[in-house]
Amino acid sequence: MHLVLEIPLLLLTVLFAYLESFVKLFIPLKRKSVSGEIVLITGAGHGMGKIAALEFAKLSSTLVLWDINKQGVEETAAECRELGAAAHAYMVDCSKREDIYRAADKVKEEVGDVTILINNAGVIFCADVLTLKDNQIQKTFEVNVLAHFWTTRAFLPAMMRNNHGHVVTVASSAGHVGVRFMSDYCSSKHAAVGFHRSLTDELAALRMDGIKTTCLCPVFVDTGFIKNPSSRLLPILKPEDVVKELIDGILTNKKIICVPSSVQFAAVLPLFIPERAQVALNKLHEIKFDAAVGSYNKVK
């Protein structure tokens with residue numbers, strides 16, 4: 001089709017998309033069933049991973065639970081079984097590609113093909129860029145983004161054979177902004193958001209419309225992951241509330257889940273306000289948490 005004809009068609013498509021989105025504000029979204037789906041959750045031994053596992057257990061899913069903490073992941077599996085769900089626990093170090101691939105093969109043999117993959121495992125080392133150790137920076141990227149590649153490469157082929165599945169990326173609001181003393185974490189979460197967006201576009205190009213993608217981007221969550229977080233303008237979220245948003249987003253095939261929803265504007269805001277205003281806004285936020293700065297611990 002000639003470009004002259006394609007441009008009006010594009011404008012009509014954009015207009016229709018806006019109208020469709022407006023109408024959907026007043027129509028409850030249809031929620032899909034995940035009963036019988038094989039759901040793999042990394043970092044399931046504690047925090048949001050554990051809460052998500054229990055919620056999927058209530059929805060009659062089959063749980064595959066990964067965590068580096070053997071005791072924690074087995075306790076989560078036991079609690080899922082008490083809710084009547086089949087649950088399989090594996091001790092997996094998500095910073096190691098070979099460990100991921102080995103565990104993935106074991107899951108396929110012992111449980112079956114994973115249909116919902118939730119990449120939730122994460123690490124953080126709050127410190128300035130010079131205090132951070134080389135191995136900490138490497139570990140951050142290995143767990144927070146590279147592991148997403150290895151798990152997806154392990155389980156996506158089966159999803160593509162059936163054109164059915166869901167890949168979930170647990171990222172962060174830090175994947176849209178920069179935060180002092182979180183340079184490694186923010187960088188890895190920017191990469192995770194980019195992974196989600198690219199995978200989404202790739203699946204669309206391959207016409208795999210039965211495979212859905214979701215990316216979760218919350219602000220600070222009170223899981224102990226970050227010590228003593230506070231902010232004037234941002235809420236400190238309860239993990240149960242964030243997981244509720246995540247489950248709702250998965251069941252309605254939502255692409256991006258920002259908690260709170262205002263996070264979605266964080267990435268574009270610096271494009272529209274002067275740098276001085278951005279600095280003043282950051283100061284107004286007064287974001288604080290425990291961080292190692294100048295090679296010693298203090299609150300910033």
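Quick definition to begin: helices are DSSP runs of H or I with at least four residues, strands are runs of E with at least two, and both are numbered from the N terminus. With that naming, Pro260 sits in the loop between β7 and α8. One caveat before I go on: this is a predicted model.

Val259 and Pro260 are joined by a cis peptide bond. Omega there is about -5°. Strand β7 covers 256-259. The loop that holds Pro260 lies between β7 and α8, and Leu271 has its place in that loop between β7 and α8 too. Leu271 is exposed, at 69% relative accessible area. Leu271 also belongs to a nonpolar surface patch, with Phe265, Val268 and Phe272. Together the four have about 490 Å² of accessible area.

Phe181 is not a glycine, yet its phi is positive, about 65°. Phe181 lies in the loop between β5 and α6. Asn228 is not a glycine either, and its phi is positive at about 55°. Look for Asn228 in the loop between β6 and α7. Asn228 is exposed, with a relative accessible area of 55%. Ser60 follows α2, with phi near 65°. Arg207 follows α6, with phi near 60°.

On to the interior. In soluble globular proteins, nonpolar side chains tend to be buried together. Here, the largest nonpolar core has 41 residues. Which residues have the most contacts inside it? They are Ile41, Phe56, Leu63, Leu65, Cys80, Ile118 and Leu216. Helix α2, residues 47-58, gives the largest share of this core, seven residues.

Take Leu65 as a close-up. Set aside its neighbours within four places in sequence. Its contacts then include Ile41, Ala44, Ala53, Val73 and Cys80. His88, Ala89 and Tyr90 are also in contact with Leu65. Tyr90 turns up again in a second, separate core of 27 residues. Val114, Leu117 and Ile211 are among the residues of that second core.

Back to α2. Is it enclosed or open? Nine of its 12 residues are buried, so the rest of the structure largely encloses it. Met48, Lys50, Ile51, Leu54 and Phe56 are among the buried ones. Lys50 is the charged name in that group to look up on screen. The geometry checks out as well: the end C-alpha atoms of α2 are 17 Å apart, which agrees with the 16 Å that 12 residues should span at 1.5 Å a residue.

Next, α6, residues 183-205. It has 23 residues. From first C-alpha to last it reaches 33 Å, close to the 33 Å expected. Its buried residues include Tyr185, Val193, Phe195, Leu199 and Leu203. Asp184, Lys189 and His196 are on that buried list too.

Last topic: charges. Side chains of opposite charge can pair when their charged atoms come close. This structure holds 10 salt bridges. Start with Glu286 and Arg232: the closest N and O atoms are 2.7 Å apart. That pair links distant parts of the chain, 54 residues apart. Glu286 is in the loop between α8 and β8, and Arg232 is in the loop between β6 and α7. Glu286 is partly exposed at 29%. Arg232 is exposed at 56%. Glu286 has another salt bridge, to Lys288, at 3.2 Å, N to O. Lys288 is partly exposed at 35%. Elsewhere, shared partners join Arg31, Lys244 and Asp248 into one salt-bridge network.

Asp99 and Arg102 form a salt bridge, with closest N and O atoms 3.1 Å apart. Why are they about one helical turn apart? Because they are three residues apart in helix α4, residues 97-110. An α-helix has 3.6 residues a turn, so residues three or four places apart point the same way.

Conventions
Residues numbered from 1 in each chain as written. Predicted model: local features only at pLDDT ≥ 70, side-chain atom pairs only at ≥ 80, totals over all residues. Heavy atoms only, no water. Expected span 1.5 Å × (residues − 1). Buried < 20%, exposed > 50% of the residue type's maximum accessible area, 1.4 Å probe, protein only. Contact = heavy atoms within 4.5 Å. Salt bridge = Lys/Arg side-chain N within 4 Å of Asp/Glu carboxyl O. Patch = residues over 30% accessible without salt bridge, like charges linked within 9 Å, V, L, I, M, F, W, Y side chains within 5 Å. Areas by Shrake-Rupley, 256 points an atom, 1.4 Å probe, with all protein chains shown as cover. Core = buried A, V, L, I, M, F, W, Y, C linked by side-chain atoms within 4.5 Å.
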